[in-house]
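Thank you all for coming. Please have a look at the structure on the screen while I walk through a few of its features.

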Amino acid sequence: MIELEGLTKRYGEKVAVNDLTFTVRPGIVTGFLGPNGAGKSTTMRMILGLDRPTAGDVRIDGTHYDRLKDPLTCIGALLEAKGVHPGRSAYHHLLCLAQSNGIPRRRVHEVLDTVGLTAVARKKAKGFSLGMGQRLGIAAALLGDPRILMFDEPVNGLDPEGIHWIRTLMKTLAAQGRTVFVSSHLMSEMALTADHLVVIGQGRLLADTSMADFIERNSRSYVRIRSPQRERLLDVLHRAGITAVESGNGALEVDGSKAEHIGELAARNQLVLHELSPQQASLEEAFMQLTAESVEYHAHADAPVPRQQWGDGWKRG
Amino acid sequence: MSTPQPPMPQAAAPEWQAAPASPYPGYTSPIPVVRTHLGHAIASEWTKIKSVRSTMWTLGVFVLLVVGIGLLTGLVVAGQDADLGGESPLGLGFFGLLLGSMCVMTLGVLTTASEYGTGMIRTTTVACPSRARVLTAKAVVFFLVAFVVTLVSTTLIAFVHVAMLEGNSGAGDPSGEEWLKGTVGVSLYLALLGTLSLAVGSIIRHSAGAITIMIGAVLAPLVIALFMFSSSLRDVQQALFEYSIPNQMSIFYANSLSESGPSGWDPLWIMLGVTAVALGGAFALLERRDV
């Protein structure tokens with residue numbers, strides 16, 4: 001269990017993390033989501049006692065991190081793939097961490113085996129690819145077999161097989177009753193792994209909700225219709241009490257009706273349809289909508305207009 | 001999989017306030033929980049220092065300089081049958097050790113500063129949240145390594161010099177205290193100089209910057225003193241000569257560049273004081289700064 005209470009971090013004038021209060025519970029995977037620069041890594045560094053909070057409090061199982069007597073068996077963390085001396089071998093890197101916490105040497109071999117680095121255990125870390133570095137970081141996090149695990153962007157640099165592996169690993173760890181806290185800027189990634197979501201933007205808490213709730217609330221499903229007889233179609237829909245919204249390109253969008261129902265309606269009225277497709281707004285879009293105002297680094301595309309219109313329509317709906 | 005959660009930001013007080021004694025549920029590891037102490041940190045730092053090649057390189061070059069330059073000096077003096085004027089042959093080891101001190105300082109700086117350059121410091125601090133314990137362990141391990149390596153090198157070359165100049169009429173027979181100062185004394189001094197570099201590395205957090213500062217600290221007083229021509233600065237010039245690190249080191253061989261100033265075991269106490277102050281500063285900054 002990780003408990004944050006009004007956690008705030010200021011760098012001079014800039015507020016990186018602003019009054020965060022939430023709890024990360026055991027037994028589930030909690031996703032920590034936010035755009036780049038939202039303060040995810042700063043929050044994680046404060047949890048681990050690396051950065052001192054300007055205000056507020058954070059506790060690991062009721063204790064401040066620097067009071068932990070057995071830090072690595074309590075919490076394991078993957079911060080960045082870096083954090084390894086390039087001239088040291090994977091084996092010695094893990095060995096010095098194990099020794100600093102009195103963890104038996106055999107655990108080093110076990111975790112190397114778990115992450116699949118046994119073959120390169122004696123190789124220097126500087127020769128490692130991004131993915132191998134990530135695996136070494138995960139090995140270090142698992143070293144103490146901890147109750148709490150924290151991963152900052154764990155899928156960065158991993159190949160599809162590695163991504164699948166880390167997803168399964170996180171779910172397995174949570175199912176064993178551990179607290180698993182994973183940060184990401186990819187909603188789609190979180191939708192596949194997380195049971196609970198904490199969303200932040202510009203250091204502020206935007207949502208603290210279960211994944212199921214978030215999906216239910218934010219995934220809008222609608223039917224897209226395209227017809228050469230638009231006016232008649234609108235008429236028919238209107239008479240049936242169905243509201244259709246124009247969505248550009250001459251297509252219509254209907255909320256809350258089944259495609260089957262509209263298809264039958266069109267057939268009864270002998271209307272020609274060129275398209276009749278059920279649509280699901282992606283969680284990615286819901287996430288972007290949620291964090292739209294708090295994105296730190298905007299990329300200015302030449303024509304951002306369509307997305308803007310889509311968002312506005314959705315807001316009104 | 002998912003458990004029901006309160007929607008949106010929670011307003012309720014966290015559970016640890018409501019029920020401070022509530023046990024924290026979750027996974028229990030079969031690995032025995034150990035209360036960590038300084039011994040663990042020292043074991044960890046020992047593994048770190050011996051598992052990187054830069055340690056082997058700096059110490060290897062150090063031994064090479066001390067023994068190699070010592071041998072060359074000995075050969076030249078013995079070959080020319082030069083008159084040492086009653087000085088003990090141990091003093092011949094000074095030149096090699098002066099050059100070798102660069103290696104000890106470099107290793108000292110790298111012990112702390114390289115962790116900042118590579119990001120290893122975050123991994124280290126997560127594994128051992130007590131920053132003071134990490135720095136203490138680093139200082140202890142480094143000091144012992146530097147002391148033992150220097151002691152072995154200086155003792156070896158001291159025996160060689162005494163043996164080489166045995167028949168030399170001008171060379172004196174080193175007394176017991178001269179032996180002690182020329183081996184144990186100067187080794188303690190050099191290990192402290194390295195520990196000072198380690199503290200500077202922890203303060204500066206940048207390898208190249210800290211090494212430059214340390215080399216400057218060794219050379220600058222002598223260079224500055226060279227350009228103090230004005231007679232009004234005579235006292236300052238004198239002090240810079242006498243308290244410069246090379247001169248302090250030469251006092252262990254009783255061939256000081258000047259007659260006044262520190263003598264006997266003074267340099268050791270001076271270096272001990274300076275190192276203690278630097279380490280104190282490093283400890284204070286460690287507690288204050290973010291990693």
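This is a predicted model: local features need pLDDT of at least 70, side-chain atom pairs count only at pLDDT 80 or more; totals for chains, interfaces and linings use all residues.

Residues are numbered from 1 along each chain as its sequence is written, and chains are lettered from A and ligands numbered from 1 in the order in which they are written.

Chain A is divided into domain 1 (2-217) and domain 2 (221-280), with bounds that come from an automatic or database domain assignment, and the C-alpha centres of these two domains lie 47 Å apart.

A nonpolar core here is a set of buried Ala, Val, Leu, Ile, Met, Phe, Trp, Tyr and Cys residues joined through C-beta atoms within 7 Å, where buried means that 20 or more other C-beta atoms, placed from the backbone, lie within 10 Å of the residue's own. The largest such core has 134 residues, of which L94(A), A139(A) and L143(A) touch the most other members. A second, separate core of 11 residues includes Y222(A) and L252(A).

Is E189(A) buried or exposed? E189(A) counts as buried, because it has 20 C-beta neighbours inside 10 Å, and the C-alpha atoms of E189(A) and V155(A), 34 residues apart along the chain, are separated by 8.8 Å.

For chain B, an unreviewed UniProt entry lists transmembrane regions, among them residues 56-78 and 268-286, in the numbering used here, with feature names shortened and annotations that may be inferred rather than shown by experiment. Residues 56-78 of chain B are 100% helix, with end C-alpha atoms 32 Å apart, helices being DSSP runs (H or I, at least four residues) numbered from the N terminus.

Methods. Helices (H or I, at least four residues) and strands (E, at least two) are DSSP runs, numbered from the N terminus. A residue is buried if 20 or more other C-beta atoms lie within 10 Å of its own, exposed if 12 or fewer, and partly exposed in between; C-beta atoms are placed from the backbone.
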